[in-house]
Amino acid sequence: MAEWIKTVAPYLYTYRAKFFAACSATFQMFYKAGLIAFAIGLFFGVILVITKKGGIRQNVLVYQITNLVINVFRSIPFIILLIFLIPLTRAVVGTAINVKGAILPLVFGTVPFYTRQVEVALSGVEEGKIEAARSMGSGTFGLIFRVYLHEALPDLIRVTTVTAISLIGLTTMAGAVGAGGIGSFAINYGQNQNHSDIVNVCVIVLLAVTFVLQSVGNALAKRTTNRSLFQIRRGNGGKTI
Amino acid sequence: MIEVKNLKKTFHLKSGDVKALDDVSFSIQEGSVYGVIGYSGAGKSTLVRCLNLLEVPDEGTITIEDYQGIEMHGGIPTYQGKRMTARQQNQMRRGIGMIFQHFNLLERSTVFDNIAYPLKYTGRSKAEIAERVQELLALVDLREKIDAFPSQLSGGQKQRVAIARALAANPRILLSDEATSALDPDATESILNLLKDLNRKLGITIVLITHEMAVIKAIADRVAVMEEGKIVEEGTVYDIFSDPQAPITRKFISSASPLGKIDKLIADDSSLTQIKPGEVLAKLIFQKDCVGEHILTTMAQQYSVNLNIILANVEYLHGNPLGGTIGILSGSPENLAAGIRFLEENHVRTEVLKDGRVD
């Protein structure tokens, strides 16, 4: 195996330790920023849907402010956001460099996009289902958890997949603040030193990760459309099990 | 008992204000089936949604379930002098079942979980919930579908699940918003039979909204006819059918009766409806105490009035017959006048559709 890699990608083999470190950095940025962005984006997505005009907790002020903040951050290119947020990152996490310094800008770069996507997914839940749940006495929390999030799950999985893939794209830019990762490895050791095998392998790795994410996302979305993910069977000749 | 007094609701749209409810009052006896009929936009859907406060009326008073006199002022509901909280409104809705035109089941939940949805608000244990769901499934005759998802059910079956769900928490009132409008005729009939059955078996009060007179005819005891946010006519189904007053009511009834075809025949100037001078094309309505050939035969013999029947029909409303005949009456002017007088004396309502007499 090692011999084979040496022949097809000699420079990658030479810098293999750096390569694994880069993969690890990308992975850390991805899951740390991803988890935080997932929670925050879901929260604000729900806020947008319930406070919009005609929503279950209509609130023009909250909606407009959330909407405005999202629009502002969505319109800033990530590479600029990364630099622009340096003072804030330093104040919050104590440093603006390395993986640690990249998480906050990655969250800022992902949340607005994800919030919008969540908003769209939740808006797909039919008005009638909300009305039926209200007629059965569900309050705001019941409507959010038992109807909106429950019914929109396949769409939420789809938009989460799309967002996850775009987040991987963003992590490649984090090299600009010294966070390392596959993106900066490809530029510094591949492009700048003219080692095309390194660039090629980086592209293949990113392609593979994207492909896996998309496949898992598609499968889960399909598996949850019009049915629950895990089903408890109740029918057993009319008896309950 | 449901009582509604002076209900008002205006929607402020960009295109202008729409008075969905314009001073609506009525009361519904406990255990009865009350129909509200009207064309779309008449305000009937708003009316039923106001009953469980899914829509809060601007003004008016509602008495429903244990809530005696919920008062609305400026779109804010107050009960016993205090503003009703969201929690109180939710509590109130749990005592009123509701079904919809498009069923509104959760697509990602099984039949079991859909029916169990409102039961989670009743403080029952898991075992009690499972038991209650089985009971409800037996009630709507769908036991074998307990693990099915809504996408695997037909429209009629979905509505049965929705009915089971609406009845889960033992409400004494069921609101039905066009529950059969999206169903085929067979499914419509079976759902209406089920509702009628539940009304008899459980004594549940049903308020149903529809635009089809056939639905009213099939199961309602009383009916209110709505037009432009107002109730234009209200009464027992038999009275409304045998003697409709408002033009819109007549329109609805002719749409539900085979006799309604005459309007089209007259409009098309069909040869069936051509009358000679001196003849009269008339609709004769025989109410419960006078259905039968007898009167027509007597009229023909005693007054020498001939009746050439074009359309005839007898229907049963809650076991009471209501007959109708449309035909051309002919005879000498004096005989014709005497014949018609005879009919009216015998409580046959005579409506002249086309008059060939010269006076």
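How many helices and strands does the secondary structure of chain B come to? In this predicted model, the secondary structure of chain B comprises 12 helices and 16 strands, and its C-alpha atoms fill a box of roughly 80 × 50 × 35 Å along the principal axes. Of the 359 residues in chain B, 43% are buried. Among contacts in chain B between residues at least 6 apart in sequence, 68% join residues at least 24 apart.

Two sheets of chain B are described here. One is an open sheet of 6 strands in the order E2-E1-E4-E5-E6-E7 of chain B, with antiparallel pairing. Strand E2 (16-28) and strand E7 (82-83) of chain B stand at the edges, and because each has a single partner strand, one side of each is left without a neighbour in the sheet. Helix H1 (residues 44-51) of chain B packs on this sheet, where it touches strand E1 (2-13), E2 and E4 of chain B, and the direction of the helix makes about 60° with that of E2(B). Within the sheet, strand E4 (residues 59-64) and strand E5 (residues 67-73) of chain B pair in the antiparallel sense over 4 bridges, with Ile64(B) standing opposite Tyr67(B) in E5(B).

The other is an open sheet of 4 strands, which has the order E14-E15-E13-E16 in chain B and antiparallel pairing. E14(B) is joined by 11 bridges to strand E15 (residues 320-330) of chain B, the two running antiparallel, and Ile309(B) stands opposite Gly327(B) in E15(B). Helix H12 (residues 333-345) of chain B packs on the sheet through contacts with strand E13 (280-286), E15 and E16 of chain B, its direction making about 145° with that of E16(B).

The nonpolar interior was examined next. In soluble globular proteins, nonpolar side chains tend to be buried together. The largest nonpolar core in the model has 137 residues, and those with the most contacts inside it are Met29(A), Leu106(A), Ile115(B), Ala164(B) and Val207(B). Helix H7 (residues 98-123) of chain A gives the most to this core, with 13 residues. When neighbours within four places in sequence are left aside, Val207(B) is in contact with Ile2(B), Ile28(B), Tyr34(B), Val48(B), Leu51(B), Ile173(B), Leu175(B) and Ser176(B). A second, separate core of 16 residues includes Leu281(B), Leu284(B), Phe286(B) and Leu296(B).

Helix H5 (residues 155-167) of chain B has 13 residues and reaches 18 Å from its first C-alpha to its last, close to the 18 Å expected at 1.5 Å a residue. Because 11 of the 13 residues of H5(B) are buried, this helix is largely enclosed by the rest of the structure. The buried residues of H5(B) include Gln157(B), Lys158(B), Arg160(B) and Arg165(B), together with Val161(B), Ile163(B), Ala164(B) and Leu167(B). The elements against which the buried residues of H5(B) pack are strand E8 (96-100), helix H3 (111-116), helix H4 (126-139), strand E9 (173-177) and helix H6 (185-202) of chain B.

Between the two chains, 22 residues of chain A are in contact with 29 residues of chain B. On the side of chain A that touches chain B, the elements giving two or more residues are helix H8 (127-135) and helix H9 (140-151) of chain A, and H8(A) gives the most, with 6 residues. By class, this side of chain A has 3 nonpolar, 12 polar and 7 charged residues.

Two loop residues other than glycine with positive phi values were also considered. Phi of Asn194(A) is near 60°, and this residue lies in the loop between helix H11 (182-191) and helix H12 (196-224) of chain A. Asn194(A) counts as exposed because it has 9 C-beta neighbours inside 10 Å. For Phe103(B), phi is near 65°, and the residue is found in the loop between E8 and H3 of chain B. Phe103(B) has 24 C-beta neighbours inside 10 Å and therefore counts as buried.

Technical notes:
Residues numbered from 1 in each chain as written. Chains lettered and ligands numbered in written order. Predicted model: local features only at pLDDT ≥ 70, side-chain atom pairs only at ≥ 80, totals over all residues. Pairing = 2+ DSSP bridges. Contact = placed C-beta atoms within 7 Å. Axes fitted to C-alpha atoms, helices over the stretch in contact; angles between N-to-C directions. Buried ≥ 20, exposed ≤ 12 C-beta atoms within 10 Å, placed from the backbone. Core = buried A, V, L, I, M, F, W, Y, C linked by C-beta atoms within 7 Å. Expected span 1.5 Å × (residues − 1). Nonpolar A, V, L, I, M, F, W, Y, C, P; charged D, E, K, R; others polar.
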